[in-house]
There are 2 protein chains.
Amino acid sequence: MRSVSIIGCGLTKFGEHWEMSFRELIAEAGVKAIESANIEGKTIQAIYGGCMASGRLIGQEHIGALIADQFGLNPIPATRVEAACASGGVALRSGILAVLSGAYDIVAVGGVEKMTEVSTEHASFALGGAGDQETELFHGATFPSLYALMARRHMEEFGTTEEQMAACAVKNHKNACNNPNAQFQRAITIEDVMNSGYVASPLKLLDCSPITDGAATLILCETEKAKKLCENPVEIIASTQASDSLALTGRKSLTEMAATKIAAKEAFEKAKLQAKDIDFAEVHDCFTIAEILATEDIGFFKKGEGGKAVEKGKTSLDGEIPINPSGGLKAKGHPVGATGVAQAIETFLQLRGEAEKRQVKDAKIGLTHNVGGSGATAVVHIYKAIGGKR
Amino acid sequence: MRSVSIIGCGLTKFGEHWEMSFRELIAEAGVKAIESANIEGKTIQAIYGGCMASGRLIGQEHIGALIADQFGLNPIPATRVEAACASGGVALRSGILAVLSGAYDIVAVGGVEKMTEVSTEHASFALGGAGDQETELFHGATFPSLYALMARRHMEEFGTTEEQMAACAVKNHKNACNNPNAQFQRAITIEDVMNSGYVASPLKLLDCSPITDGAATLILCETEKAKKLCENPVEIIASTQASDSLALTGRKSLTEMAATKIAAKEAFEKAKLQAKDIDFAEVHDCFTIAEILATEDIGFFKKGEGGKAVEKGKTSLDGEIPINPSGGLKAKGHPVGATGVAQAIETFLQLRGEAEKRQVKDAKIGLTHNVGGSGATAVVHIYKAIGGKR
């Protein structure tokens with residue numbers, strides 16, 4: 001039975017890259033990844049790239065071929081995968097399945113988005129295509145408003161407070177202070193969040209992830225080969241994906257994401273693990289309420305307890321289950337197509353003990369959780385540090 | 001060693017669907033495919049969908065989740081794949097690799113595009129994203145002009161004539177007269193093509209494929225299981241994909257597509273066949289010159305002989321290698337994301353002897369060839385009729 005491991009990674013700084021184009025971001029992340037894996041580029045046999053909205057944001061589709069071109073890796077097959085904000089996670093899963101199929105032994109998985117060259121209105125409209133254009137965006141429901149509905153309902157059902165949501169932002173900014181690639185490397189306070197303006201009540205500016213440019217690349221390798229190529233590969237021991245209705249109106253509940261629950265349950269079954277076995281997780285906190293929902297739906301906390309958990313510090317870097325040691329989407333930044341790949345990169349670094357000042361102690365097993373839209377796609381991966389022979 | 005077969009298919013009529021939305025097209029093709037395969041929808045374990053430019057054309061991304069939603073198949077994983085006009089072919093290859101990986105036994109592969117709701121200028125701009133936005137589209141080079149450069153060079157190097165290109169259009173329109181799902185079910189003459197206005201000299205209006213709405217769905221199944229589920233599955237005996245530079249300026253030659261040559265060569269190696277063993281092919285004729293290039297690059301004719309071959313009737317339905325019995329992109333229509341899947345559907349029908357008045361005699365082995373952009377992605381599949389046990 002084949003298995004897949006990560007042997008290298010490359011990440012650009014996340015932020016506003018006025019001096020770098022879409023393809024320059026791709027090239028930087030790609031070259032770093034190839035160097036990190038200590039392989040020759042020509043050993044890569046295929047590319048999977050996650051990108052959501054390049055058509056609307058920069059007028060460019062056909063991103064797979066563009067990546068192969070930019071990496072100098074023509075004529076290998078290069079495939080773009082799109083699943084809104086889960087594009088990176090789904091690209092990772094596509095790369096894994098391609099290796100498991102036996103078609104390839106070594107593939108590159110990239111993610112990229114260049115979002116800051118257009119107006120915020122234009123970017124919001126492009127991002128709105130992650131939800132249901134006909135029943136949501138067309139009527140003015142941009143993403144903060146969709147997540148605000150979930151937040152309001154969670155407050156109503158479970159007594160979650162705006163301060164608890166703010167605590168997610170404060171924690172993630174604190175973690176990002178130790179991440180040199182993060183967009184916001186500055187601490188904020190609960191008061192800062194509470195005093196920031198409402199974007200869509202109850203969500204305020206500092207509850208929202210930013211608009212970001214960035215690219216991320218992973219090198220995947222069949223595990224037996226990885227052990228020969230690399231001293232400390234990280235094995236991906238579960239990869240799962242689930243879907244839910246595109247529109248919020250099709251959901252049974254506003255306070256849980258069914259796709260996350262199903263993908264997490266299947267991932268734990270495949271890895272023969274439980275939520276309590278996970279040492280840390282990178283979860284999809286496009287808004288603070290999304291992190292609370294994720295920690296509940298994955299199973300780290302009971303439904304309704306996520307807000308209290310973050311308030312009590314249970315998800316802090318030194319807490320019982322550190323969540324988003326990288327700073328998360330909130331503070332590391334959220335270049336949509338790159339996010340899912342960047343989550344895997346953080347996990348790779350943590351499990352190799354290379355996360356420097358934000359290192360989670362004794363990290364052996366990590367989990368990533370990447371969401372598309374308001375929850376219509378969820379992707380979960382579980383990772384384990386393994387020894388290599390190099 | 002696992003293998004993958006097709007057990008069912010569904011296609012909408014190709015054309016201008018003023019009365020049907022993007023998602024209604026998907027639903028029609030999906031329901032037809034499930035009925036054709038004679039399975040219950042719930043036995044489908046994952047979806048791969050090809051779609052190029054829904055972001056620009058209808059403001060909607062996250063097409064995988066939308067398809068799962070529209071098929072009523074949540075929560076199964078659903079992934080959109082984009083490779084410009086090769087989106088459908090790459091989605092098919094992704095579905096094949098997913099089954100080969102062992103993750104699934106039965107997957108649906110869909111393709112869709114809704115192109116006629118916007119102006120021709122808007123559609124041209126969206127399609128321009130299939131090439132290099134920075135060095136081509138930004139400077140006004142839309143797709144007819146890129147292919148016109150290739151046509152002009154082919155005329156210069158090999159003496160190919162406008163009449164020979166016109167002969168592709170005449171043949172494909174003739175074939176489409178027998179395809180009830182084709183956009184243009186009417187015959188045209190060489191004079192009609194020669195008298196149509198220049199879009200980008202030497203390409204005239206009737207050298208160009210149209211702008212089309214349409215959706216296509218295939219049901220793939222692991223071959224051993226397929227033989228139990230289906231009397232006459234069609235096995236996919238090779239699936240290959242290659243990349244080339246996104247921009248024409250990066251190519252070594254304007255008169256051949258390196259990605260097609262590589263993908264075809266690898267496909268023949270995998271299938272242990274040669275071009276002469278193929279009984280018919282559906283090739284990517286977005287413009288008439290593209291069909292000529294394809295028939296040469298795949299190896300049906302020597303370089304420079306493709307124009308003469310079509311003029312002599314070698315690629316007609318009763319010729320030595322029938323090309324585009326469906327009518328091709330030229331006359332069947334070209335709903336970009338659906339095209340690669342529709343090519344596989346035509347091949348499936350031909351190999352089952354179900355192509356009615358356009359049936360290729362004694363068809364045992366078929367080939368499809370799907371191109372993204374001006375040749376930066378090429379996907380080749382080879383298919384064989386096999387017996388089932390049902």
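This is a predicted model: local features need pLDDT of at least 70, side-chain atom pairs count only at pLDDT 80 or more; totals for chains, interfaces and linings use all residues.
1. As for cover, 8 of the 8 residues of β1(A) are buried.

2. Domain 1 takes in 4–118 + 211–234, while domain 2 takes in 134–209 + 237–385. Domain 1 of chain A puts 37 residues into the contact, and domain 2 of chain A puts in 33. On the domain 1 side, the elements giving two or more residues are β1 (4–11), α4 (87–100), β4 (106–113) and β7 (214–222) of chain A. Which of them gives the largest share? That is α4(A), with 8 residues. By residue type, the domain 1 side that touches domain 2 of chain A comes out as 22 nonpolar, 11 polar and 4 charged.

3. On to the dimer contact.

4. β3 (residues 78–82) of chain A and β3(B) run antiparallel and are joined by 3 bridges. Which residue of β3(B) is the bridge partner of A:Val81? The partner is B:Val81.

5. Chain B goes onto chain A by a rotation of 180° with 0.0 Å of shift along the axis, at an RMSD of 0.0 Å. That is how a two-fold axis relates its copies. In chain B, the C-alpha nearest the axis belongs to B:Ser101, at 1.8 Å. Both copies use the same surface, since 100% of the contact residues of chain B recur in chain A.

6. Now the nonpolar core. The largest one holds 283 residues, and the members touching the most others are A:Ile47, A:Val107, A:Leu218, B:Ile47, B:Val107 and B:Leu218. Take B:Leu218 as a case to click through. Leaving out residues up to four places away in sequence, B:Leu218 touches B:Ile6, B:Cys9, B:Ala33, B:Leu92, B:Val109, B:Val341, B:Ala344 and B:Ile345.

7. A:Gly41 is worth a look. This glycine lies in the loop between α1 (22–37) and β2 (46–50) of chain A. Is A:Gly41 buried, partly exposed or exposed? It has 17 other C-beta atoms within 10 Å, so A:Gly41 counts as partly exposed. Beyond four places away in sequence, A:Gly41 touches A:Ile34, A:Phe71, A:Gly72 and A:Leu73. From A:Gly41 to A:Phe184 there are 143 residues in sequence and 32 Å in space, C-alpha to C-alpha.

8. If you run a backbone check, note the cis peptides. In chain A, the bond from A:Ser201 to A:Pro202 is cis, with omega near 10°. A:Pro202 belongs to the loop between β5 (198–200) and β6 (203–204) of chain A. Chain B has a cis bond from B:Ser201 to B:Pro202, also with omega near 10°. B:Pro202 is in the loop between β5 (198–200) and β6 (203–204) of chain B.

9. Last, two residues with positive phi. A:Asn324 is not a glycine, yet its phi is near 55°. Its place is the loop between α12 (306–311) and α13 (328–332) of chain A. A:Asn324 is buried, because 29 C-beta neighbours fall inside 10 Å. B:Asp362, another non-glycine, has a positive phi of about 55°. B:Asp362 is in the loop between α14 (336–351) and β10 (365–372) of chain B. Here the count is 8 other C-beta atoms within 10 Å, so B:Asp362 is exposed.

How values were computed:
Residues are numbered from 1 along each chain as its sequence is written. Chains are lettered from A and ligands numbered from 1 in the order in which they are written. A nonpolar core is a set of buried Ala, Val, Leu, Ile, Met, Phe, Trp, Tyr and Cys residues joined through C-beta atoms within 7 Å. A residue is buried if 20 or more other C-beta atoms lie within 10 Å of its own, exposed if 12 or fewer, and partly exposed in between; C-beta atoms are placed from the backbone. Two residues are in contact if their C-beta atoms, placed from the backbone, lie within 7 Å. Two strands pair if DSSP finds at least two bridges between them. Helices (H or I, at least four residues) and strands (E, at least two) are DSSP runs, numbered from the N terminus. Domain bounds come from an automatic or database domain assignment. Ala, Val, Leu, Ile, Met, Phe, Trp, Tyr, Cys and Pro count as nonpolar, Asp, Glu, Lys and Arg as charged, and the others, Gly among them, as polar. Copies are superposed by least squares on the C-alpha atoms of residues with pLDDT of at least 70 in both.
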